[in-house]
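Biologist: Please take one part of this model and go through it closely. I would like to know what surrounds it, and then how the rest of the chain is laid out.

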Amino acid sequence: MLQISTGPEQLWEVDYRAADTITLNGQPFAWDMADLGEGRFHVLHEGRSYNAEVVSTDYATKNIVLKINGQRVELNAKDRFDLLLERLGMSNAAATKVNELKAPMPGLIVDIRVTPGQTVQKGDPLLVLEAMKMENILKAPADGTIAGLKVNLRDNVQKGQVLVQFA
């Protein structure tokens, strides 16, 4: 069983374990689907035709982005283990808490793109480290808030040195 949501207001329970049937909120879900290749599908449900395309999938977070008849739909899935952790108040137990960013190699700080107190999202550029005549953009490993910068512009840093601390 999966719990699928497209937001806080829209929630469905999908049971796909039976070999020949799928239930949606306890009711049989009858559909016909043709795989068109490359993540594209044609779906018939209750006499209506739908074109579906898988835009992206993130198996770690169980997020799927689809285009259905040209409309973007983001699905979030939770399996029975996710639901159990949520009931126990541990839904964020698997989330990675990052406290600091360390230098991956020795080099020179040539650009600082954040300030203390700034909120960042995973993948946002934080610093530029020049090493072996190449510029390396160091990005946020997770969502968070910058608690402090431990380096200044033009500082030489060593591998493993703390560069940024997160709140």
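Modeller: Leaving aside its neighbours within four places in sequence, Asp 79 is in contact with Met 1, Leu 2 and Lys 62; contact means heavy atoms within 4.5 Å. The model is predicted, so local features need a pLDDT of at least 70 and side-chain atom pairs count only at pLDDT 80 or more, while totals for chains, interfaces and linings use all residues. Residues are numbered from 1 along each chain as its sequence is written, and side-chain values use heavy atoms, with hydrogens and water left out.

Asp 79 sits in the loop between strand E9 (71–78) and helix H1. Helices (H or I, at least four residues) and strands (E, at least two) are DSSP runs, numbered from the N terminus. Helix H1 covers residues 80–87, and at its start a side-chain oxygen of Asp 79 comes to within 3.1 Å of the backbone nitrogen of Phe 81. The side chain of Asp 79 also reaches the backbone nitrogen of Asp 82, at 2.9 Å. These are polar contacts: a polar contact is a pair of N or O atoms within 3.5 Å; within protein, one must be able to donate a hydrogen and the other to accept it, and residues adjacent in sequence count only if both atoms are side-chain atoms. Just after H1, Gly 89 takes a positive phi of about 75 degrees.

Lys 62, one of the contacts of Asp 79, lies in the loop between strand E7 (48–58) and strand E8 (63–68). Most residues other than glycine have a negative phi. Lys 62 is not a glycine, yet its phi is positive, about 60 degrees. Its relative accessibility is 27%, so Lys 62 counts as partly exposed. Buried means under 20% relative accessible area, exposed over 50%, and partly exposed in between (1.4 Å probe, protein chains only).

Another loop, between strand E15 (144–149) and strand E16 (156–157), holds Arg 154. The phi of Arg 154, again a residue other than glycine, is positive and near 75 degrees. Arg 154 is exposed, because its relative accessible area is 54%. Asn 152 is in the loop between E15 and E16 too, and at 52% relative accessible area Asn 152 is exposed. Leaving aside neighbours within four places in sequence, Asn 152 touches Ile 109 and Ile 112. Asn 152 and Gln 3 are 149 residues apart along the chain, and their C-alpha atoms are separated by 47 Å.

Glu 38 is in the loop between strand E5 (32–37) and strand E6 (40–45). With 79% relative accessibility, Glu 38 counts as exposed.

Now the chain as a whole. It has one helix and 17 strands. Its radius of gyration is 23 Å, well over the 15 Å that the globule rule gives for 167 residues, so the chain is more spread out than a compact globule. The radius is taken over C-alpha atoms, and the rule is 2.2 Å times the number of residues to the power 0.38. Along the principal axes, the C-alpha atoms fill a box of roughly 65 × 40 × 25 Å. Of the 167 residues, 22% count as buried. Among contacts between residues at least 6 apart in sequence, 38% join residues at least 24 apart.
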